[in-house]
Amino acid sequence: MSDALPSPLPAWGPPVIRTIAMPADTNPAGDIFGGWLMAQMDLAAGNVAARRARGRCATIAVEGMTFLQPVVVGDEVSLYAQIVSVGRSSIRIQIEAWRRARESEETIKVTQALFTFVAIDENRRPRAVPPETPGSGGA
Ligand SMILES: CCCCCCCCCCCCCCCC(=O)SCCNC(=O)CCNC(=O)[C@H](O)C(C)(C)COP(=O)(O)OP(=O)(O)OC[C@H]1O[C@@H](n2cnc3c(N)ncnc32)[C@H](O)[C@@H]1OP(=O)(O)O
């Protein structure tokens, strides 16, 4: 029998990014800066979008950005992503960030948002997202 604690993590597969919150990422109050978390979410979603679109993508919108719990220095922060839908040139991706305190197995959802990316060409104009291929992601 396993001693592992039950985990409510999203069933979206492994995190796209896992990183450690560092002192340089704090706001004046000493907690982790929300802008740093948003940047991590943008990076994670952008990585998923670029993989699905097989090339460059630009963030066009962020909906429902919600900060549920604070993150503190030393936390392990994991970014989970799921493609929600794919349009002609756009890809919508749900992102959640979860924290794990350094010396705990408890994981807590700290932020969530819906990012929309547009696949762009070399002139930064929208291009069609190519058909899905094995390994390029869902939806
Ligand atoms: C060289 C290396 C490459 C590979 C590298 C891989 C690395 C991977 C990791 C990096 C990960 C970092 C990721 C950071 C990504 C940025 O930081 S990007 C920087 C911030 N974003 C920007 O500067 C974008 C600025 N905006 C623009 O340039 C233009 O709006 C765009 C994006 C070119 C779109 O042009 P547009 O004429 O407005 O587009 P339009 O044809 O009207 O609509 C296009 C689509 O967007 C949808 N749309 C339009 N407005 C909205 C809206 N408000 N909300 C939702 N959807 C909308 C439309 O419905 C349409 O969807 P489809 O029907 O085609 O599916």
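I took buried to mean under 20% relative accessible area, exposed over 50%, and partly exposed in between, using a 1.4 Å probe and the protein chains only. The model is predicted, and I kept to its limits: local features need pLDDT of at least 70, side-chain atom pairs count only at pLDDT 80 or more, and totals for chains, interfaces and linings use all residues. Residues are numbered from 1 along each chain as its sequence is written, and side-chain values use heavy atoms, with hydrogens and water left out.

**Backbone entry.** R124, which is not a glycine, has a positive phi near 65°, and I found R124 in the segment after strand 5 (107–119), where helices (H or I, at least four residues) and strands (E, at least two) are DSSP runs numbered from the N terminus. With a relative accessibility of 58%, R124 is exposed. R54, also not a glycine, has a positive phi of about 55°; R54 sits in the loop between helix 1 (34–53) and strand 2 (57–67) and is partly exposed, at 48% relative accessible area.

**Ligand entry.** For polar contacts I took pairs of N or O atoms within 3.5 Å. A backbone N or O atom of T59 is 2.9 Å from a nitrogen atom of the ligand, a backbone N or O atom of R88 is 2.8 Å from a ligand oxygen atom, and a polar side-chain atom of R125 is 3.0 Å from an oxygen atom of the ligand. The ligand taken alone exposes 1400 Å², of which the protein buries 47%, with areas from the Shrake-Rupley method and a 1.4 Å probe.

**Cavity entry.** I searched the whole structure and noted one cavity of 30 Å³ or more, a cavity being a set of points on a 1 Å grid over the protein atoms alone where a 1.4 Å probe fits but cannot get out. The largest cavity has a volume of about 40 Å³, and its lining, residues with an atom within 4 Å of a point, includes L9, R18, E76, Y80 and W98. Strand 3 (76–86) and strand 4 (90–100) are the elements that give two or more residues to this lining.

Conventions:
Polar contact = N/O pair within 3.5 Å; in protein donor to acceptor, adjacent residues only side chain to side chain. 1 Å grid on protein atoms, 1.4 Å probe; cavity = no way out; pocket = protein on both sides within 12 Å on 5 of 7 lines; lining within 4 Å. Points joined across faces, edges and corners; volume = space filled by probe spheres on them.
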